[in-house]
Amino acid sequence: DLELNVALPKEVKSGKHVKLDFKANQIVIQSLLPKKEILVSGQTWDKYRHNDVVWTIADGKLVLSFGK
């Protein structure tokens, strides 16, 4: 298992304030507040089960969990 923590702007409080785009070998994470801004964009180390990614927002961070 792998966990990715992404620091969020202080205005981001819920899932409505972020846009997540997962593909088999790519991830794009964008904040929508205070302005649209790409926080993470890139290729992954390998293909992964993008439909199985679990994420939460807590303590000013977006936490993504990638299963095996």
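Leaving aside its neighbours within four places in sequence, which residues is Ser 31 in contact with? Contact means that heavy atoms lie within 4.5 Å. By that rule, and with those neighbours set aside, Ser 31 touches Pro 9, Val 12, His 17, Val 18, Lys 36, Glu 37 and Leu 39. The structure is a predicted model, in which local features need pLDDT of at least 70, side-chain atom pairs count only at pLDDT 80 or more, and totals for chains, interfaces and linings use all residues. Residues are numbered from 1 along each chain as its sequence is written, and side-chain values use heavy atoms, with hydrogens and water left out.

**Overall form**

- The protein has 0 helices and 6 strands; helices (H or I, at least four residues) and strands (E, at least two) are DSSP runs, numbered from the N terminus.
- Read along the sequence, the pattern is β-β-β-β-β-β.
- Along its principal axes, the C-alpha trace spans about 30 × 20 × 15 Å.
- Of the contacts between residues at least 6 apart in sequence, 44% join residues at least 24 apart.

**Surface and burial**

- The accessible surface comes to about 4800 Å², and 49% of this area belongs to carbon and sulfur atoms. Accessible areas come from the Shrake-Rupley method with a 1.4 Å probe, and for residues only the protein chains shown count as cover.
- Buried residues make up 26% of the 68 residues. Buried means under 20% relative accessible area, exposed means over 50%, and partly exposed is in between (1.4 Å probe, protein chains only).

- An open sheet is formed by 3 strands in the order 1-6-5, with antiparallel pairing. Two strands pair if DSSP finds at least two bridges between them.
- Strand 1 (2–7) and strand 5 (54–58) are the edge strands, and each pairs on one side only.
- On average, neighbouring strands of this sheet are turned by 20° against each other, direction ignored. Here the axes are lines fitted to C-alpha atoms, for helices over the stretch in contact, and angles run from 0 to 180 degrees between N-to-C directions.
- Strand 5 pairs with strand 6 (residues 61–66) in the antiparallel sense over 5 bridges.
- Val 54 has Ser 65 in strand 6 as its bridge partner.

**Strand 3 and its two partners**

- Strand 3 is largely enclosed by the rest of the structure, because 5 of its 6 residues are buried.
- Ser 31 is found in strand 3, and this residue counts as buried because its relative accessibility is 0%.
- With strand 2, strand 3 pairs in the antiparallel sense over 6 bridges. The two strands form a hairpin with 2 residues between them.
- In strand 3, Gln 26 stands opposite Lys 23.
- Strand 3 is also joined to strand 4 by 6 bridges, and these strands run antiparallel. The hairpin between strand 3 and strand 4 passes through 5 residues.
- The bridge partner of Ile 27 is Gly 42 in strand 4.
- As a general rule, side chains in a regular strand alternate between the two faces of the sheet.

**Loops**

- Lys 35 lies in the loop between strand 3 (26–31) and strand 4 (37–43). Lys 35 is exposed because its relative accessible area is 55%.
- The C-alpha atoms of Lys 35 and His 17 are 9.9 Å apart in space, while the residues are 18 apart in sequence.
- Lys 16 lies in the loop between strand 1 and strand 2 (18–23). At 73% relative accessibility, Lys 16 counts as exposed.
- Lys 16 and Thr 56 are 40 residues apart along the chain, and their C-alpha atoms are separated by 12 Å.

**Salt bridge**

- The structure holds 1 salt bridge, defined as a side-chain nitrogen of Lys or Arg within 4 Å of a carboxyl oxygen of Asp or Glu.
- The side chains of Lys 23 and Asp 21 meet in a salt bridge, at 3.5 Å from N to O.
- Lys 23 is partly exposed, with a relative accessible area of 41%. Asp 21 is also partly exposed, at 31%.
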